[in-house]
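I am opening a notebook on this structure, and I will write down what I looked up in the order in which I looked.

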Amino acid sequence: MKSIYFSLVFLCLLAKPSYSQDANPARFVKAADLTIIGKMIQTRNIYQRLDTIDYPRLPAAVKRLLTMSAGIAVSFKTDSRFLKAKWCNSKSKVGSNMTAIAQKGLDLYVKLNGKWQFCGVGKPLEQCTETSLVNNLMEGQKEFLLYLPLYDEINDLEIGISSHSTITAGTIPFKSRILIYGSSILHGASASRSGLAYPAILSRQTGLNFINMGLSGSAKMEKEVADLIAKIDADAYILDCVPNSSPEQIKSRTDYLVQTIRNSHPKAPIIIMQSLIRESGYVDAVIGDRVRLQNEEIKSQFLNLQKKGVKDLYFISAENFLGNDHEGTVDGTHPNDLGFYRFTEDIRPKLLKILAKYNVK
C-alpha cells in the first residue's frame, strides 16, 4: 500500500495545472509602442520622469528619484481575455513602509461603464518578472491603464495578450496638465499599489491630468528644482512640498519658487498646500511643533506673496486632510489607502473650484 501511495503522490507532483492562457500562449508587445501617459516632459528613457543627464545641477537625490516611474502609466485597448506582463526593476530592496506591489509592481485598471475600475496587479517576483495580470475577462475590446512602479526604475516592459487577439495604443484619457511638486506623500508612500497614489486617484476621479513630481524626502524648494519646474508647461501648478522643507527653508525659498513659476507662466494658477498634520505629531511634541511651524511659515509666505501683488495664487490648509480618527497613516506620517481616500475627498472639490476659474476642466 505504501508503494501505491507514494506512486500517486509522485504522479500528483508531476502534474501541472492547466490554465486557459497555456492552451493559447501569450504574444508579447512592447509597452513603448503603446501610449505612455503621466510624464512631465518627453525623455529618452520613456519610463523615467526626467533625463537627469540634461540637468547636472539638480541635487543628486532629486536626480535619482526622477528616474523612478511614479505617475507614469500605459494606455492601451485589447480584446484579449487575459493579460500578462514582463518587466525588470532595479536591485533596490523594498522599503519598510511600502508594499512590493506599490514599489516595484504594476497596477491595472479597466474602463467599465465609463469609469475606471481596478482590474489586477503585477506582483514583482524577482528583478525580472513575467506574471499574469488578469484572467477570464469578458469578451470584446476594452480600454486599460497600467500604472508603473512608484519607487523604482523600470525597463523592458512588455504586455502579453492571447495570440489571436489585437492590442492598440489607447487614447490619452485625461485632459489638461496639472503639475504637482511635493514630498514622499505625493510620490506615493504608502499607498498599497501605484494607482492609489493621490495624483492617480485625482486623475481618474476628475478626468484631469495630475502629473506626479513627488520627490521622496527631497522636495525642499531648491533653486535648481524651481528653475526646472518653471520650464515644464502646465495649466496649473500645485506645491505640496512643505512636508520636506524646514521652517527656515520655507522662509528663504518660497518666494523664489513661486516667483520663478509665475515669471514663466504669467496666467497659470499656483496652489500652495500646507503639510498634512502628521499623526505621530499628536503624541510626539517635537514632530508636532515642527509641522505647526512649517504650516505657519508657509501661510505667512503666501500672505507675503499676495502683498507683493502675485496674482492667481491660492492656499489650501491642512485641517481635514486625513480625518480625525487617527487611522489614516501607515507609520504616523505617510497615508495608508484610507488616508489617501480622505485626502483626495478633501482637496478635490477645492482644486476643481480653483481650476474651473481658468477653464481647466
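**Entry 1: the cysteines**

I began with Cys241, which is buried, with a relative accessible area of 2%; buried means under 20% relative accessible area, exposed over 50%, and partly exposed in between, for a 1.4 Å probe with protein chains only. Before going on I noted that this is a predicted model, in which local features need pLDDT of at least 70 and side-chain atom pairs count only at pLDDT 80 or more, while totals for chains, interfaces and linings use all residues. I also noted that residues are numbered from 1 along each chain as its sequence is written, and that side-chain values use heavy atoms, with hydrogens and water left out.

Cys119 also counts as buried, at 16% relative accessibility. How many disulfides does a search of the whole structure find? The search finds one, a disulfide being a pair of cysteine sulfur atoms within 2.5 Å. Cys88 and Cys128 form it, with their sulfur atoms 2.0 Å apart. Cys88 lies in strand S4 (residues 83-89) and Cys128 in strand S7 (residues 128-134), so the pair ties together parts that are 40 residues apart in sequence. Helices (H or I, at least four residues) and strands (E, at least two) are DSSP runs, numbered from the N terminus. The torsion about the S-S bond is about 110°, so I recorded the disulfide as right-handed. Cys88 is buried, with a relative accessible area of 16%, whereas Cys128 is partly exposed at 45%.

**Entry 2: helix H7 and the cores**

Thr260 is found in helix H8 and is buried, with a relative accessible area of 13%. Leaving out residues up to four places away in sequence, Thr260 touches Ala226, Asp227 and Ala230, where contact means heavy atoms within 4.5 Å.

I then looked up the largest nonpolar core, which has 44 residues; such a core is a set of buried Ala, Val, Leu, Ile, Met, Phe, Trp, Tyr and Cys residues joined through side-chain atoms within 4.5 Å. Leu66, Leu179, Tyr181, Met213, Ile229, Leu239 and Leu257 touch the most other members. At least two residues of this core come from each of H3, S11, S12, H7, S13, H8, S14 and H9. A second, separate core has 36 residues, including Leu145, Tyr147, Leu196 and Phe210. In soluble globular proteins, nonpolar side chains tend to be buried together.

Going back to Met213, I listed its contacts, not counting residues up to four places away in sequence, and found among them Met40, Arg49, Leu66, Leu179, Val225, Leu228 and Ile229.

**Entry 3: two loops**

Is Asp235 buried or partly exposed? Asp235, in the loop between H7 and S13, is partly exposed, with a relative accessible area of 35%. Not counting residues up to four places away in sequence, Asp235 touches Ser176, Arg177, Ala268, Pro269 and Val360. Asp235 and Ala70 are 165 residues apart in sequence and 20 Å apart in space, C-alpha to C-alpha.

Last, I looked at Tyr282, which is found in the loop between strand S14 (270-273) and helix H9 (285-307) and is partly exposed, with a relative accessible area of 48%.
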